[in-house]
Amino acid sequence: MPKTIIRVVEDDPSVRNGLEYLLMSEGYESELYESAEAFLAGDAASVPGCIILDIRMPGMSGLELQNILIERKYPHPIIFLSGHGDIDIAVGAVKKGALDFLQKPVNADKFLEIVQEALKLDQLRTGNLYNPQDLLLLAEKLTDREKQIIGLIFQDISNKSIAERLNLSPRTVENHRAAAYRKLGVNSAEQLKDKFFLIKEKLEAAVNS
């Protein structure tokens with residue numbers, strides 16, 4: 001397996017160092033950044049892994065960094081850290097493609113579980129664990145409605161047309177689509193087709209089920 005890095009972008013040094021210690025105790029290698037700006041200046045996107053990203057930081061916020069990474073088609077999963085008052089904001093970030101969010105103070109077991117899921121998704125994306133059985137296991141996490149919508153996306157059908165076909169509102173289709181993308185570890189229709197082409201027929205079959 002290639003080198004894997006968990007990037008921790010957090011302005012609070014006690015949180016940053018605590019997460020580093022937790023990751024190190026489980027054998028993970030991490031890179032620590034005190035700001036979004038430092039991350040953009042120092043990160044090597046070619047190295048597999050994931051990002052642990054604080055929502056609120058001085059200067060550029062975690063949400064602003066997420067927008068930049070989306071524009072740059074940054075490949076690795078994002079896990080947000082949120083304070084108690086940031087839950088609604090964190091949910092919005094997940095709808096935009098983040099894998100999940102954790103509320104501070106972080107529960108160690110939950111944190112490690114989500115990190116493991118993020119690394120598995122990233123390994124699938126890069127081909128290290130890229131095989132039909134793994135993809136099917138991810139697809140099984142989808143609800144029946146999410147499978148229908150993903151099958152139609154494979155057919156290049158727009159959200160508006162999907163909504164009309166399934167008698168749903170466009171917003172409902174967007175929400176189902178975002179949830180499905182999160183479960184599958186993709187951020188766009190292009191990534192979806194690239195990653196899941198091996199099981200395309202099975203997903204498309206769900207359209208009429």
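Which side chain meets that of Lys104 in a salt bridge? The partner is Glu10, at 3.1 Å from N to O. The model is predicted.

**Salt bridges**

- The structure counts seven salt bridges.
- One of them joins Lys104 and Glu10. Lys104 sits in the loop between β5 (100–103) and α5 (108–126), and Glu10 in the loop between β1 (5–9) and α1 (13–25), so the contact ties together parts 94 residues apart in sequence.
- Lys104 has 26% relative accessibility, so it counts as partly exposed. Glu10 has 0%, so it counts as buried.
- Lys104 and Glu10 also belong to a network of salt bridges that includes Asp54.
- Glu117 bridges to Lys141, with 3.9 Å between the closest N and O atoms. Glu117 lies in helix α5 and Lys141 in the loop between α6 (132–139) and α7 (144–154), so this pair ties together parts 24 residues apart in sequence.
- Glu117 is partly exposed at 29% relative accessibility. Lys141 is partly exposed too, with a relative accessible area of 42%.
- Glu146 bridges to Lys183, and here the closest N and O atoms are 2.9 Å apart. Glu146 is in helix α7 and Lys183 in helix α9 (residues 170–184), which makes this a link between distant parts of the chain, 37 residues apart.
- Why does Glu146 count as buried? Its relative accessibility is 5%, and buried means under 20%. Lys183, at 22%, counts as partly exposed.

**Strand β3**

- How many of the six residues of β3 (residues 49–54) are buried? Six of the six are, so the strand is largely enclosed by the rest of the structure.
- Gly49, Ile51 and Leu53 point one way from β3. Cys50, Ile52 and Asp54 point the other way. In a regular strand, side chains alternate between the two faces of the sheet.
- β3 pairs with β1 in the parallel sense, over five bridges. Val9 has Leu53 of β3 as its bridge partner.
- β3 also runs parallel to strand β4 (residues 78–82), and four bridges join them. Leu53 stands opposite Phe80 in β4.
- β3, helix α3 (residues 62–71) and β4 form a β-α-β unit, and the unit is right-handed.

**Aromatic pairs**

- The structure holds two aromatic pairs. A pair of aromatic rings is described by the distance of the centres and the angle of the planes.
- Tyr33 and Phe39 make an edge-to-face pair, 5.4 Å centre to centre, with 85 degrees between the planes. Tyr33 is buried at 9% relative accessible area, and Phe39 is buried at 1% relative accessibility.
- Are the rings of Phe39 and Tyr74 stacked or edge-to-face? Their planes stand at 65 degrees and their centres 6.0 Å apart, so the pair is edge-to-face.
- Phe39 lies in helix α2 (residues 36–42) and Tyr74 in the loop between α3 and β4. The pair links distant parts of the chain, 35 residues apart.
- Tyr74 is buried, as is Phe39.
- Tyr33, Phe39 and Tyr74 form one aromatic cluster.

Key. Residues are numbered from 1 along each chain as its sequence is written. This is a predicted model: local features need pLDDT of at least 70, side-chain atom pairs count only at pLDDT 80 or more; totals for chains, interfaces and linings use all residues. Side-chain values use heavy atoms; hydrogens and water are left out. A salt bridge is a side-chain nitrogen of Lys or Arg within 4 Å of a carboxyl oxygen of Asp or Glu. Helices (H or I, at least four residues) and strands (E, at least two) are DSSP runs, numbered from the N terminus. Buried means under 20% relative accessible area, exposed over 50%, partly exposed in between (1.4 Å probe, protein chains only). Two strands pair if DSSP finds at least two bridges between them. A crossover is right-handed if, with the strands pointing away from the viewer, the path from the first strand over the helix to the second runs clockwise. Rings of Phe, Tyr and Trp (its six-membered ring) pair if their centres lie within 6.5 Å; planes under 30 degrees apart count as stacked, over 60 as edge-to-face and the rest as tilted.
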